[in-house]
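Please have a look at the chain first, and then I will take you through it.

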Amino acid sequence: MHNPKKRMKLEPLRSFSSPTSILIRKPPISPYLLFTFLAFIIFAIFLYGEDLRCIIGQHHHLHLDHINPNPLPLSAATEKHQIHDTKLPFSVGEEEKECDVFSGRWVWDPVNHPLYKESECPYIQPQLTCQEHGRPDRDYQFWRWQPHACSLPSFNASLMLETLRNKRMMFVGDSLNRGQYVSMVCLLHSLIPDNAKSMETFGSLTVFTAKNYNATIEFYWAPFLLESNADDAVIHRISDRIVRKGSINKHGKHWKGVDIIVFNTYLWWMTDADFKILHGSFNDEVKQIVEVSTDDAYRMMMKSMMRWIKENMDPNKTRVFFTGMSPTHQMSIEWGGNPNGRCYNQTKMIADPNYWGSDSKKNIMKIIGDVFRESKFPITFLNITQLSLYRKDAHTSIYKKQWNPLTPEQIANPSSYADCIHWCLPGLQDTWNELLFSKLFFP
Ligand SMILES: *[C@@H]1O[C@H](CO)[C@@H](O)[C@H](O)[C@H]1NC(C)=O
Ligand SMILES: *[C@@H]1O[C@H](CO)[C@@H](O)[C@H](O)[C@H]1NC(C)=O
Ligand SMILES: *[C@@H]1O[C@H](CO)[C@@H](O)[C@H](O)[C@H]1NC(C)=O
Ligand SMILES: *[C@@H]1O[C@H](CO)[C@@H](O)[C@H](O)[C@H]1NC(C)=O
Ligand SMILES: *[C@@H]1O[C@H](CO)[C@@H](O)[C@H](O)[C@H]1NC(C)=O
């Protein structure tokens with residue numbers, strides 16, 4: 001009655017196949033719903049301001065060019081598991097065509113999950129330590145993602161670290177990508193003795209160093225990838241967002257030479273009005289601003305990113321990932337709940353396998369698909385949107401460090417200040433990294 005799942009095999013990676021095509025559904029959406037959704041998005045953006053305040057790293061002067069961009073050959077330990085000859089384990093991959101690892105279901109797995117304990121990972125920022133901030137339940141930590149057509153390989157921290165030996169891995173994007181970054185550090189750090197690891201912040205860049213591996217895992221704050229007026233790593237509560245056209249190298253110059261790069265960018269593009277694109281420079285006295293639709297702005301950014309990757313990265317040396325849209329759970333009415341509710345007090349996931357929430361994600365998904373399909377550079381798309389959409393139980397909600405004192409009105413209505421954007425760690429984002437791991441080694 002059940003087919004044994006196909007295990008992914010360690011295989012040399014040969015070719016890359018582009019993402020599968022997209023289904024576009026267009027159910028009608030009422031203007032009221034749309035308005036409320038956008039209002040929540042704006043509210044949500046204010047939550048971002050808190051992101052970096054807790055990372056109080058020493059602000060050293062940083063020499064970005066101290067690291068040689070050329071990755072060394074694999075260490076012997078990795079080599080014997082991998083892969084023939086000179087091929088990097090993370091060069092260009094062959095898809096298990098019959099298995100879309102992003103299509104699957106959540107399975108209760110308290111034996112193997114969570115993959116680490118919240119209290120044993122000192123790198124989690126206090127916005128994501130839900131247990132420490134009083135979350136009464138822990139069920140959100142025990143789920144494993146089970147693809148329909150195969151099984152994910154177990155996350156092997158020592159294989160991951162061996163692969164990173166003499167290399168740099170960098171996450172670039174917004175606070176959601178920083179969550180995935182911290183998850184990756186938490187998945188690996190327990191194998192490194194205390195005196196051989198450190199995490200430091202230098203402006204927009206946070207660097208975790210595994211000294212005995214000569215490896216770094218880094219996070220670079222660039223919520224739009226392009227230059228914007230929200231680039232300050234700490235103070236970026238900007239309601240009137242402006243992105244400068246053609247400016248990707250402003251940040252991109254700091255990404256050159258990394259061996260594995262993981263991009264994300266989505267939520268910051270979601271505005272209620274047209275999107276403001278600056279032609280020229282932020283220093284111009286008279287700023288030339290053109291307003292375009294969010295879709296056009298997002299497509300423009302994707303094209304800039306692709307061009308930058310093509311011009312600055314070597315597909316034989318670098319693995320490029322792009323993490324898809326991280327969904328929010330700001331309106332319980334979207335999953336048939338209480339009309340005024342949000343993710344607060346949600347401890348169960350959404351059971352409807354076709355649940356997709358609000359409509360606004362569809363255009364962006366289509367743009368991502370179109371751009372990657374046209375690309376000759378192999379990019380691995382981590383299509384985590386659907387699997388995360390089920391997880392209304394996995395947000396930090398009210399169980400996080402509050403930077404401002406709560407008002408009596410907020411205390412009386414916890415739902416009003418619940419964070420339904422970010423995710424508790426350990427939790428959902430560890431699964432994103434299990435998927436990244438599977439794509440890195442078994443693409
Ligand atoms: C991502 O997955 C969704 C289903 O969850 C699918 O509709 C969409 O086409 C996929 N996107 C891409 C670009 O492959
Ligand atoms: C350390 O790693 C960097 C790349 O991140 C590399 O350029 C350098 O040669 C490595 N050092 C040693 C001693 O292997
Ligand atoms: C994990 O990877 C290492 C190689 O770094 C290997 O020796 C070990 O057997 C792997 N563990 C599992 C459980 O596959
Ligand atoms: C990547 O390697 C292949 C085979 O070694 C080679 O033909 C190709 O030109 C290389 N591509 C780049 C961009 O260097
Ligand atoms: C939380 O949800 C449970 C049911 O799941 C309900 O009984 C309880 O009243 C809710 N608590 C609050 C504060 O909304």
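Let me begin with a definition: a disulfide is taken here as a pair of cysteine sulfur atoms within 2.5 Å. Please keep in mind that this is a predicted model. With that criterion, a search of the whole structure turns up four disulfides, and if one counts the bonded cysteines along the chain, they are connected in the pattern 1-4, 2-5, 3-8, 6-7. I will discuss three of them in turn.

Let us start with C121 and C186, whose sulfur atoms are joined at a distance of 2.1 Å, and whose link is left-handed, with -80 degrees about the S-S bond.

The next pair is C130 and C424, whose sulfur atoms are 2.1 Å apart. The torsion about their S-S bond is about -95 degrees, so this disulfide is left-handed. C130 lies in the loop between strand 1 and strand 2, and C424 in the loop between strand 14 and helix 10, so the pair ties together parts that are 294 residues apart in sequence. Both C130 and C424 are buried.

Then there is the disulfide from C343 to C420, with an S to S distance of 2.2 Å and a left-handed link at -85 degrees. This pair links distant parts of the chain, with C343 in the loop between strand 11 and helix 7 and C420 in strand 14, 77 residues apart. Buried or exposed, what are C343 and C420? C343 counts as buried at 2% relative accessibility, and C420 counts as buried at 0%.

Finally, let me turn to strand 9, residues 275–279, which is mostly covered, four of its five residues being buried. Strand 9 runs parallel to strand 7, residues 242–244, and three bridges join the two, with V243 standing opposite I277. Strand 9 also pairs with strand 10, residues 288–292, this time in the antiparallel sense and over five bridges, and there L278 has I289 as its bridge partner.

Note on methods. Residues are numbered from 1 along each chain as its sequence is written. Chains are lettered from A and ligands numbered from 1 in the order in which they are written. This is a predicted model: local features need pLDDT of at least 70, side-chain atom pairs count only at pLDDT 80 or more; totals for chains, interfaces and linings use all residues. Side-chain values use heavy atoms; hydrogens and water are left out. Buried means under 20% relative accessible area, exposed over 50%, partly exposed in between (1.4 Å probe, protein chains only). Two strands pair if DSSP finds at least two bridges between them.
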